[in-house]
Amino acid sequence: MKEYNFLAFDIGATSGRAVLGTLKDAKFEMKEIHRFPNPMVELHGRFYWDIYHLYTSLIESLTICARQRIRLHSIGIDTWGVDFGYVALDGSLLGLPRAYRDPYTDGAPEDFFKRIPKEEVYKRTGIQVMPFNSLFQLFRAGQDSFIPQEVAEKILFIPDLLAYMLTERMVCEYTIASTSQLLNPETHKFDYKLLEAVGVSPTLMCPVVMPGTLIGRLSESIARKTGIGEIPVIAVAGHDTASAVAAVPASSPNFAYLSSGTWSLMGIEVEKPIINEVSFKNNFTNEGGIEGTTRFLKNITGMWILERCREQWKRSGLDYSYDDMVRMAELSEFTSLINPDDPRFANPESMLREITAYCEETGQAVPASDADYVHCIFYSLANRYKEVLEILKSMSPHPIERLHVIGGGSRNDLLNQLTANAIGIPVLAGPSEATAIGNCLIQAKSAGLLTDCWEMRRLIATAFPPKEFYPER
């Protein structure tokens, strides 16, 4: 069988990387080619993404591939959601894209809901309310008379913007557009009433395309500069979580997934969006998935709490590795519970002190050691996963028979076992590199090498067998 090489650019809010996926003789392998930082730029109190640095890093990655004589079949780009850039009439970029961490959207939802009520916005989009959603970024930029928005010819979300810089072709990919809180989840088109309410003409938005669509080829100048040739660029699932969910090695639709990292995303894959009073009350969101599906999910605080504790320990001279903390927790039987999603844990001055205070205020035992703190966090996360899963079960159109854990957190055996114990169904952990895998295999499907998502998932289950955890007590 011919060897096919697919290059995935997987870019997060702190770093990015180029990962090579190779498909040959029904075998799939992954190899990291290049890793690069993704720094935010602060200027005059505003925060931006250095899109030109990212572009340069992509060019460098392509040059490395050419130097190593890697023959690429195609390229795909996935990034975080909601952020975007402005393009002028002559095709030039209008400054750097604003970053979702920029506080300029603080209070924007409350101001916007004076124009269109919160309940109506949710019914129109099915998206949970977060201040940094594209809807509120555009709204606030209009209020601030932000010049790039006033003179823009087109708006492109980050993966589409990078693809435009590589190909000179503009598209708007479905999964990344769905994070904006501007898209109708039934029609997969932008909601004109919401665009009008933020003062943006619908003509600024490109037509929505589905994952697997050919955007174009590397421009002649880039092909020549890198030596890689005029390689096709595919619109994969541009939102990184959508690419990750595409890589869930499930054998049937009867599963829930947990994308586990600094933040956890728990959800199910459904054919139609779920928009009702229960989903609205519990702040569930409907985002785009592959093959026109919907990712019905909820954001949960993940390893953020542990990371903040780790930083605090490090400042006091205790430099625990991630593996160290897992081993510590395995020796603890501490069972007091915190609510990881309580706002008090969002960004406290001292996370350790906040955990202690929560336990005291709720009449529970207080952690007596660092190991107790770690076990408390893992035990509480498992309990929170159980709570969210029960809500999912009540709204799911199909039974949920297993939980697939993907992402970096899938390597945490203790948490996986605690989760299986809590939810009472099997937990299947892995792959940890789900986002890059999904990106590459969507390209393979676009090339006609795979027929659908289920063939993709069978291939992934063979190449990266998940580790199984069953309820013990």
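1. The structure holds 23 salt bridges, a salt bridge being a side-chain nitrogen of Lys or Arg within 4 Å of a carboxyl oxygen of Asp or Glu. One of these joins the side chains of Lys193 and Glu120, at 2.8 Å from N to O. Lys193 belongs to helix H8 (residues 192-197) and Glu120 to helix H3 (residues 118-125), so the pair ties together parts that are 73 residues apart in sequence. Helices (H or I, at least four residues) and strands (E, at least two) are DSSP runs, numbered from the N terminus.

2. A word on the basis of these values: this is a predicted model, in which local features need pLDDT of at least 70 and side-chain atom pairs count only at pLDDT 80 or more, while totals for chains, interfaces and linings use all residues. Residues are numbered from 1 along each chain as its sequence is written, and side-chain values use heavy atoms, with hydrogens and water left out.

3. The domain assignment of the chain gives domain 1 (1-238) and domain 2 (249-428), with bounds that come from an automatic or database domain assignment. Their C-alpha centres lie 28 Å apart, and 20 residues of domain 1 are in contact with 20 residues of domain 2, where contact means heavy atoms within 4.5 Å.

4. Between domain 1 and domain 2 an area of about 1500 Å² is buried, of which carbon and sulfur atoms give 57%; buried area is the accessible area (1.4 Å probe) that two parts lose on being put together, summed over both. In domain 1, Tyr122, Gln128 and Tyr174 lose the most area to domain 2, together 39% of what that side buries. Across this interface the rule finds 0 salt bridges.

5. The second largest pocket is lined by 18 residues, of which His375, Tyr379, Leu418, Asn421 and Arg473 lie nearest its centre. Helix H13 (322-330), helix H15 (370-395) and helix H16 (413-423) are the elements that give two or more residues to this lining. A pocket here is an open set of points on a 1 Å grid over the protein atoms alone, where a 1.4 Å probe fits, with protein on both sides within 12 Å along at least five of seven lines; lining residues have an atom within 4 Å of a point.

6. Two backbone details deserve a look. A cis peptide bond, with omega of about 10°, joins Gly430 and Pro431, and Pro431 is found in the loop between strand S20 (427-429) and helix H17 (434-446).
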